[in-house]
Amino acid sequence: GQRALLGLGGWMASSGDPRVKIGQLEGSLFSEGHIDRISLSDKRGVWLDIRNIRYDWSPYALLRGRLVVDDFHVGSIEIARKPFAPQQPRESANGEAPSFIPMSLKQVQVDNLIVGEALAGTRALFKIEASAELIDLQHGLSAKLAAVRLDEAGTRVDAEFRLAGTPRHLSVDVSAVEPENGLIGKLLGLTDAPSLALKLAGEGPLEAWHANWSSTASGKPFIAGRIRLDRDGEHYRVASDFAGYVQAIAPVSIKDLVPGKTTGSLIARVSGHHGFEVPHIQLMSDAIELRGYAGYSATTSHYYGALSSKIARKDGRPVHFAMANGDRLSLGKLDLKLEIPNTLSEREISLAVVAADVRHPSGAAAEIDLCARAVQFVTTGETAFDAERIKVKIDTRGVSGLKDGLSDAIGRLARAELSGSLKAGVLALDDIRAGDEKTYLTGKVRLSKARQTGTAKLTLGDLGAFSAFVGKPI
């Protein structure tokens, strides 16, 4: 009967993707027992494999509305990759997220947590030990976690939190270390990553909670920050700032954006799972100035925001970006402005980008000017991300350095214009034109996650201009 119940549970969980398979049961399903394997798969195969599950729990505690587990021991959990088609989180009948179940997890241990290379960029093996008492606030909520990497000595994460008392008092302690060229360094794409250490300590009532954090690289402090949480009526206000010298751990592609000292700050108002407002975002360094604000309502899917950014080194040197193929893109300066108005009625979204002195091994331009606009008639609900009247214009001035005289054929000014719409995740650009009055490309495309289609037509008004490019008079 218990085996049939397990099979029924697996069938119910597999009514959509992902599919669930539950292996052999030994002992009791309702006290102490062992399950040899549970796996989750999709159309690409198994992506989550759990083996040798041993448990000791009290199902009768569920009658009191709580989950009590004395021991939960797993031999191995292998997460090979992200699922191909993950299910959306299930909601209750009234559209809200399921309520939290009070629980007591006295001892949890995973001997081998295997994170696949497809998920983390490199294969990693961890041992996990944890416990949690999340029954009721009167007796206090607490949790502990210790994670040690087994295939790379020196990597460890320890975390502990406790919430108790009236008013509610929260204490948090987190520490993490990893050796040179560790997992974080590899995820950041660093070829010679330093050893890293992080510490965070927070203490205080939830109505006025604060924390300090700091990090070291090769044993030397390089960045530190603060976090403050305050009660604001029915909302919580979060304020955070940091300052430091982050170039040592910045990915190679953006190292030039953070020379010298970098500072950042953020202020947000959080309304549970209903949404958030971020009235202040700022990032500053010797090469970038970024400011903005944003907001999102989970109940209506309404979003808004604005972002302005300027990239230019204070010493006048160009800013370099490393490309994935090894090439290097450089620019003298860049100005960007994005605006999504905070209105529930019809609105126009705009984006403007101006880049100067752009250089790449394939060519250069004195200036690239991009202007894009789109209209939204409905800014809430399922169609909140749809847009009509999309218009994009790109002017590229001072084109030079293109292969075999192509710069002269194109001319000093290259222009592209696109128009279309975005509906239900499908971007339809029905009118594309690039070039000048004599030589131009026209076409249209439809782009979605599942399919990309398009047509194009090239008109050459002056074939002689392309003689140098093709290598003979035409």
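Two strands pair if DSSP finds at least two bridges between them, and strands themselves are DSSP runs of E with at least two residues, numbered from the N terminus. With that in hand, the tour can start.

The model you have open is predicted, so local features need pLDDT of at least 70 and side-chain atom pairs count only at pLDDT 80 or more, while totals for chains, interfaces and linings use all residues. Residues are numbered from 1 along each chain as its sequence is written, and side-chain values use heavy atoms, with hydrogens and water left out.

**Stop 1: a hairpin and its neighbour**

Select β15 (residues 262-270) and β16 (residues 275-284). They form a hairpin with four residues between them. Look into the turn for G272, which has a positive phi of about 60°. The two strands pair in the antiparallel sense over seven bridges, and S265 has Q282 in β16 as its bridge partner.

**Stop 2: the largest nonpolar core**

A nonpolar core is a set of buried Ala, Val, Leu, Ile, Met, Phe, Trp, Tyr and Cys residues joined through side-chain atoms within 4.5 Å. Buried means under 20% relative accessible area, with exposed over 50% and partly exposed in between (1.4 Å probe, protein chains only).

The largest core here has 23 residues, and Y55, I77, L113 and F126 touch the most other members. Colour β3 (32-42), β4 (45-58), β5 (67-79), β6 (103-115) and β7 (124-134), each of which supplies at least two residues of this core. Which strand gives the most to this core? β4 does, with six residues.

Centre on Y55 next and show its contacts (heavy atoms within 4.5 Å). Setting aside residues up to four places away in sequence, Y55 touches L25, S28, L29, S31, E32, G33, H34, I35, D71 and F72.

**Stop 3: S76**

Move to S76 in strand β5. S76 is buried, with a relative accessible area of 17%. Beyond its neighbours within four places in sequence, S76 is in contact with D49, I50, R51 and N112.

**Stop 4: A147**

Finish in strand β8 (residues 141-149), where A147 sits. Is A147 buried or exposed? A147 is buried, at a relative accessible area of 10%. Not counting residues up to four places away in sequence, A147 touches K127, I128, T155, R156 and V157.
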